[in-house]
Amino acid sequence: VSATVALLFAYGFYKKIMKLSEGTDKMIEIAEAVRIGARAYIKQQYKIVVIFFIIASLFLVFLAFVLGVQSKWTPFAFLTGGFFSGLSGFIGMITATLASARTTNQAKESLNKALKVAFRSGSVMGLIVVGLALLDVSLWFIVLRLILKISLVETTVTMLSFGMGASLQALFARVGGG
């Protein structure tokens with residue numbers, strides 16, 4: 001429920017931001033150039049991240065299925081954590097680049113209006129991260145513990161792998177400048 005509420009608030013803030021004008025033709029042109037650059041950057045960054053995640057996942061598959069020292073669910077939880085973290089970064093980047101010219105345009109009217117747009121833009125990213133993380137961990141708990149009746153220890157280890165995937169994706173984003 002909390003995940004859904006967070007994602008709905010993020011969507012609501014996003015819609016409010018998108019209703020605003022980007023400003024003059026020159027502002028729109030500059031904003032589009034920034035968006036093109038941001039998309040190229042994140043596409044290149046995620047190519048590298050995907051390669052790492054494939055290698056790390058294969059290692060986790062080896063640990064789980066060959067050596068038997070990890071839960072068989074661990075590689076999958078690792079991937080979902082990384083996926084949702086990457087999705088959060090993508091949505092955050094898109095929202096930030098769509099909001100930049102709108103924030104500037106609102107600043108022509110008042111500082112308060114500009115701050116509202118900037119704050120809502122940042123809130124979208126924060127709410128997306130929290131909402132998707134809660135959604136992922138909740139779904140893993142429901143599937144592993146309540147549906148498959150897996151022990152609490154194995155469920156916990158698997159859910160920690162979700163966090164490991166998300167943390168590693170976030171680390172790559174920071175190292176890469178994201």
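Trainee: Where do I start? How many helices and strands are there in the protein?

Mentor: Start with a head count: the protein has five helices and zero strands. Keep in mind that this is a predicted model. Going along the sequence, the pattern reads α-α-α-α-α.

Trainee: And what box do the C-alpha atoms fill?

Mentor: Taken along the principal axes, that box is roughly 60 × 35 × 20 Å.

Trainee: Now the packing. What describes two packed helices?

Mentor: The general idea is that you give the angle between their axes and the distance between the axes. Sorted by class, the residues in the contact of α2 with α3 come out as 23 nonpolar, eight polar and two charged.

Trainee: Next pair, then. At what angle do α3 and α4 pack?

Mentor: At about 170°, and here the axes are 8 Å apart. So α3 is roughly antiparallel to α4. The contact of α3 with α4 divides into 17 nonpolar, nine polar and three charged residues.

Trainee: What about α1 and α4, at what angle do they pack?

Mentor: Helix α1 covers residues 2-18 and helix α4 covers residues 111-147. They pack at an angle of about 155°, with axes 8 Å apart. That angle makes α1 roughly antiparallel to α4.

Trainee: Is the crossing of α1 and α4 left-handed or right-handed?

Mentor: The crossing of α1 and α4 is left-handed.

Trainee: Which residues in α1 and α4 meet?

Mentor: On the α1 side, look for residues including A6, F9, F13 and I17. On the α4 side, the partners include V117, V124, L127, I128 and L135. By class, that contact of α1 with α4 has 15 nonpolar, four polar and two charged residues.

Trainee: Let's finish with a pocket. How much space lies in the second largest pocket?

Mentor: About 200 Å³. For a pocket, look at its volume and then at what lines it. The second largest pocket is lined by 10 residues, and V49, V50, G82, F83 and G86 lie nearest its centre.

Trainee: Which helices supply the lining of the second largest pocket?

Mentor: Both α2 (25-66) and α3 (74-107) give at least two residues each. The largest share comes from α3, with five residues.

Trainee: And how does the lining of the second largest pocket split by class?

Mentor: Seven of its residues are nonpolar and three are polar, with no charged residues.

Terms used: Residues are numbered from 1 along each chain as its sequence is written. This is a predicted model: local features need pLDDT of at least 70, side-chain atom pairs count only at pLDDT 80 or more; totals for chains, interfaces and linings use all residues. Side-chain values use heavy atoms; hydrogens and water are left out. Axes are lines fitted to C-alpha atoms, for helices over the stretch in contact, and angles run from 0 to 180 degrees between N-to-C directions. Helices (H or I, at least four residues) and strands (E, at least two) are DSSP runs, numbered from the N terminus. Angles under 35 degrees count as roughly parallel, over 145 as roughly antiparallel, 65 to 115 as roughly perpendicular and the rest as oblique. A crossing is left-handed if the near helix is turned anticlockwise from the far one by less than a right angle, and right-handed if clockwise. Contact means heavy atoms within 4.5 Å. Ala, Val, Leu, Ile, Met, Phe, Trp, Tyr, Cys and Pro count as nonpolar, Asp, Glu, Lys and Arg as charged, and the others, Gly among them, as polar. On a 1 Å grid over the protein atoms alone, a cavity is a set of points where a 1.4 Å probe fits but cannot get out, and a pocket is an open set with protein on both sides within 12 Å along at least five of seven lines; lining residues have an atom within 4 Å of a point. Grid points are joined across faces, edges and corners, and a volume is the space filled by probe spheres set on the points.
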